[in-house]
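This report covers helix geometry, nonpolar packing, the surface and charge pairing.

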Amino acid sequence: MQRSEDAAARWRELTEAFVAVGFSDGDIESLTVALAGILHLGNIQIDTDAGDADKSMVGDDGALELAARTLMVDPKQLRLAMTTLQAC
């Protein structure tokens with residue numbers, strides 16, 4: 001329990017610092033949502049396609065759906081972005 005209380009106290013301190021430097025409540029909410037979406041991306045399991053070692057696929061649709069919903073993006077587009085190699 002102590003750890004979650006420490007985390008909550010640190011989060012309050014961080015949001016108070018955001019306010020002190022001029023972030024609006026909307027700015028803080030947008031930042032929080034973006035951060036949550038990024039963290040949800042880390043829960044998406046990417047597996048190799050059993051039929052083709054050069055292809056990948058999402059192993060957990062629930063994690064992908066949650067990340068897409070949080071980031072307000074189309075789950076199909078997120079799946080494509082997470083499983084397609086694109087040269088820069």
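Helix α1 has 19 residues and reaches 27 Å from its first C-alpha to its last, close to the expected 27 Å at 1.5 Å a residue; the expected span is 1.5 Å times one less than the number of residues. Helices are DSSP runs (H or I, at least four residues), numbered from the N terminus. Gly22 follows α1 and has a positive phi, near 105 degrees.

The model is predicted, and local features need pLDDT of at least 70, while side-chain atom pairs count only at pLDDT 80 or more. Residues are numbered from 1 along each chain, and side-chain values use heavy atoms.

Contacts of Val58 (heavy atoms within 4.5 Å) include Ile44, Leu64 and Arg79.

There is 1 salt bridge, defined as a side-chain nitrogen of Lys or Arg within 4 Å of a carboxyl oxygen of Asp or Glu. Arg79 pairs with Asp61, with the closest N and O atoms 2.8 Å apart. The pair links Arg79 in helix α4 (residues 75-83) to Asp61 in helix α3, 18 residues apart.

Trp11, Leu14, Leu35 and Leu39 make a nonpolar surface patch of about 360 Å². Patch residues have over 30% relative accessible area and no salt bridge, with nonpolar side chains joined within 5 Å. Leu39 lies in helix α2.

Accessibility classes are buried (under 20%), exposed (over 50%) and partly exposed in between, with a 1.4 Å probe.

| Residue | Relative accessible area | Class |
|---|---|---|
| Leu39 | 56% | exposed |
| Arg79 | 29% | partly exposed |
| Asp61 | 42% | partly exposed |

Key: Patches are made of residues with over 30% relative accessible area and no salt bridge: like charges are joined within 9 Å, nonpolar side chains (Val, Leu, Ile, Met, Phe, Trp, Tyr) within 5 Å. Accessible areas come from the Shrake-Rupley method with a 1.4 Å probe; for residues, only the protein chains shown count as cover. Helices (H or I, at least four residues) and strands (E, at least two) are DSSP runs, numbered from the N terminus. Lists of a residue's contacts leave out its neighbours within four places in sequence.
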